[in-house]
Amino acid sequence: MKIIKIKFKNINNLKGEHEAIRFDQDPLASAGIFAITGPTGSGKSTLLDVITLSLFNRIPRYNRGISKKEIESLGSVVTHHTNDAFASVEYEIKGNRFTSEWKVSKNRHGKFKDYEMFLYDSSGKPIDLKKSEVPAKNEELIGLEYNQFIKSILLSQGQFSKFLQADQNERGQLLENITGTSIYRKIGKKVFEKQKDFKQKLETKKEILANFQTLKDEEIKLIKQELAEATKLKSILDEKLKILSNNIQVKKDLKSTTLTIEQLQSTAQSLKLKQEKFSPKQSKLKIHNKLAPIKDDIALYIDADQNRLATNKNLNEYQAQMAIARTGLKQSLSSMSSLCKTNVDKENFMQIMRDFENEIIALDKDLDNCKSKGLEIRERIGKQSEHYKYSLDHNPQLAIEFLENKISQRKIDLKNANISTKANSEEIKETLKKQKEIYDQVLLIKHDLDQIVELNATNLNAQKKLTEQQNIITEKTPIKDKSEKLIKSLSDQITLLEKSKENAIKIASLEEHRKTLIDGEACPLCGSLEHPYSIHQPEEDQQKINNQITIIKSEINQQDIELKNLIKTLSTSEASIKIIKTNLLENQQKINEIQQSLDKKTRVIKNKTEIDNREIENTIKNLGIKINQLEDAVNAIEELRRSADLKDLFQNLKTELNKYQEIKNLRFSKFEGDKIGPITNKIQNDFQKFSESITRLDEAIEIESKDLNRALDSLEKHKIKLQPKLESLGFNSIDEMNENFLSEEEANKLLAEENILTKSWTQNETKLKSEAEKLNLLISKDKQKERNLEELLKEYKLEEKQRDQLSELIGQKNNQLNIDKENKNNQKSQLKEIESLAKEVDKWSLMTQIIGDATGNKFANFSQGLTLQNLLVYANQRLTKLSDRYLLDIPVDGGPLRVMDQYQGNSHRSVSTLSGGESFLISLALALSLSDMASRNVSIESLFIDEGFGTLDQETLDIAMNTLEKLQTESQKMVGVISHVEALKERIAVQIKLEKNAQGFSNIQVVQN
């Protein structure tokens, strides 16, 4: 895998879009080894971030993917105060080139949208992938997943420096982090958890099994015996309850039947009363039947009489409608006369109405035309007013007066500014633009001048503080030295006192021996025959010595506190001096950079205008006044033109409004309503309706009058024919016949009522007879006539309760047997599960003994031992090419790594005894070996080594450079070294150089020394 090109915009402090860095073009392509250089914080590591961000949406400094939430919460990745960013890398794998791209931007509310990722083939055609699928596709193409990539291509030696000095546990954790082999720890932990889980399940099953309770054979036999007895007794009770139930039902039926007979007898009485009430109607029905032979003649007479009545009614209605129509016609003529303000009759109605209607419509049309023109003018005024800064009155006369006043004012303003009212505003705008450009450049110059003044003031204050801190060191250093000497002197005194105390204790311990010495006999200690101290012994006051020691120790403690405070004060001052000197150096560097920028800006501005930095404030003020004058002139010309245009429009609007008012006055003097059409149409409709009604009613009244005469003649003929027939049937007159004659509907209704009464009486008699027979049968079935229903029900409830108790007992006994059966089946099932779980526990317990524990350390340490052995093999292969002296060896008893020194007879010693340069070589060998391990199946043609050179001396630096050059020569890899070490920069000719500007952002250059 080979990096071809990187391109980016607004990543960290690399603000803006930078030119692509091409690794396939000179000078980088032919360099082989190059350096990425720049001061701390300039963005050297950001170039590597661009690569991983483009490929995997990941950055080595953060543990997870980069989302919009991460960007906002971290305040990093995207350059502050920018709206978008992107990172792009082109790489080659097996002769094919691909470009992977990462993008992010803000929405219109200033919030970051979600990131986007794209992958393009060698032709620039995008591969159809979702953004979440791009990192996985890159892993597939390159053959390395993210963690392998940053350990194969982006190497950080800091991890391996720690790795060399670590103990077994720390080394195992580092090795996991470096090699990504934490899976073994997880497996060991999972094995332990599995064994623990199966063990817990086994114990739970055993507890469940212990809780099962089963019946003994004797208990089962007793339960079955009790069950048989209860079942037998229940059967006897069931039979008894059945007999009682039958007797109770007979008693209930007797009671019900007796009640039914009483109800039927009551119904018979009611029907009898209804028959008596129906008797008069029945008589009327008989008379009606008597008239049946002449019912046709009667029907003809009745029809003739009804025809007379109907015709007379129609005639009266037509006459009433005629009166209404004549009144309505008169009202229509009056309404039209009032509307048109002239006399209107039936003959001239239509002509006068049409003339008046046409006149009003013509006036309305004129009003609409005036209104449309007015609206059009107002719309044009509205559009013109959008760019007019003053608010105009809707009254045209007031607006015209206001505009005339503004026109006069602007003409005066232009005259005062010596600018013609016909001047070209575009030329003035161009002049204004140039003046603003000069103004902005002068402001930048002032900003640089202010910065220089501010930095000089800061340096002055810093110099004062530096002097203060140096004075503190000068003053406090002798005091500190004196305090140290005093503490040493006091400590020496304590040592002497302690010895005196020890001697006193030794002498005191010999006191008993002194008492036994006898003159002339040899001392067992010294052999002397004389014992001058046997009686009087020199005694030291131990308590006095202790008191002196306590006093001196107290003084030492006091001096020690003062010494610590002095050391702290001196350390603080020294640190402050270092910081102040660094700040002074940085500030001076900034001043130099700003001065260079200022000189450049001053040269540019002097081509456009005369400027004196000492008079910068006056220059800015004068430029501001000139810009304001030009802006006022542009505004005045624009306002003058718009005011004139608006004045013409308001003048036209005023004319249209006057014309509209004249037409409106004329129209409303003739007709004050809204629309003439609906009013004239209504009056016309009423006029036509009433005129047509009068004509139609005249004809109807004439016809109905003739029909009434014919109806009267027909009625008289039917009366003469019917009278003799009625007299023969015993009726004295037609009026008497009308009183007793029923219509067919009335006759049928009475006949139906008579039939219902007859049928109801018959049905009731039949039911009464049937219920009486049923009662006699039930009396014969009643076997316990001496007992009533309440007694039988009471006895039934008692027996039923006893039967239910037996049923409950039977259910309990059956339930006991069923539970026992179920428990025995469950016991068998639990035993099978316990047997199966015991096998699992044995299996996982064996695995736990081999590789498992609660932390996963057992398997992790074992696997990391194998990984370490493998890593050391690769490392020694690398190391032999870098140096022929050392070989790495496995640690002893979990201690730090060891090296075998081939210059010292293959002796072993700890890596902690190595020099800085030797440690660097071994760290580099380990880093390169891990790269070999992580990329066994992938060709790596690009390698970046991040830092690790900052603490090396010149000799070790030479070794490092020789090593890197040898590595590049042997592997033909493109090697990039990230460092801010000056000697390394001088050794490597081709550099990607990052320089910070005054704003803290960096510029990038590819240079060749």
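**Group meeting: a walk through the model**

Let's start with Gln 559, which is buried at a relative accessible area of 14%. Buried here means under 20% relative accessible area, exposed means over 50%, and partly exposed is in between, with a 1.4 Å probe and protein chains only. Before I go on, a word on the source: this is a predicted model, local features need pLDDT of at least 70, side-chain atom pairs count only at pLDDT 80 or more, and totals for chains, interfaces and linings use all residues. Residues are numbered from 1 along each chain as its sequence is written, and side-chain values use heavy atoms, with hydrogens and water left out.

Back to Gln 559. You'll find Gln 559 in helix α15, residues 542–606. Helices are DSSP runs of H or I with at least four residues, strands are runs of E with at least two, and both are numbered from the N terminus. What does Gln 559 touch, not counting residues up to four places away in sequence? Ser 483, Leu 486 and Ile 487, where a contact means heavy atoms within 4.5 Å. With Ser 483 there is also a side-chain to side-chain polar contact of 3.3 Å. A polar contact is a pair of N or O atoms within 3.5 Å; within protein, one must be able to donate a hydrogen and the other to accept it, and residues adjacent in sequence count only if both atoms are side-chain atoms.

Okay, zooming out to the chain. We have 24 helices and 15 strands. Of the 1009 residues, 36% are buried. If you take the contacts with a separation of 6 or more, 73% come from residues 24 or more positions apart.

Most residues other than glycine have a negative phi, and most peptide bonds are trans. The bond from Asp 26 to Pro 27, though, is cis, with omega near 10 degrees. Pro 27 sits in the loop between β3 (21–22) and α1 (28–31).

Then there are two residues with positive phi. Asn 10 has phi near 55 degrees, and so does Lys 94, near 55 degrees. Which of them is buried and which exposed? Asn 10, in strand β1 (residues 2–11), is buried at 5% relative accessibility. Lys 94, in the loop between β5 (84–93) and β6 (96–105), is exposed at 82%.

Next up is Asp 49, in helix α2. Asp 49 counts as buried because its relative accessibility is 3%. Leaving out residues up to four places away in sequence, Asp 49 touches Asn 12, Arg 58, Ile 59, Pro 60 and Arg 61. Asn 12 is 37 residues away along the chain, and the two C-alpha atoms are 9.5 Å apart.

Helix α2 comes up again with the cavity. Searching the whole structure gives one cavity of 30 Å³ or more. Its lining is Ile 6, Phe 23, Ile 36, Leu 47, Leu 48, Ile 51, Phe 944 and Ile 992. Helix α2 (residues 44–56) gives the largest share of that lining, three residues. For the definition: on a 1 Å grid over the protein atoms alone, a cavity is a set of points where a 1.4 Å probe fits but cannot get out, and lining residues have an atom within 4 Å of a point.

Definitions and conventions
On a 1 Å grid over the protein atoms alone, a cavity is a set of points where a 1.4 Å probe fits but cannot get out, and a pocket is an open set with protein on both sides within 12 Å along at least five of seven lines; lining residues have an atom within 4 Å of a point. Grid points are joined across faces, edges and corners, and a volume is the space filled by probe spheres set on the points.
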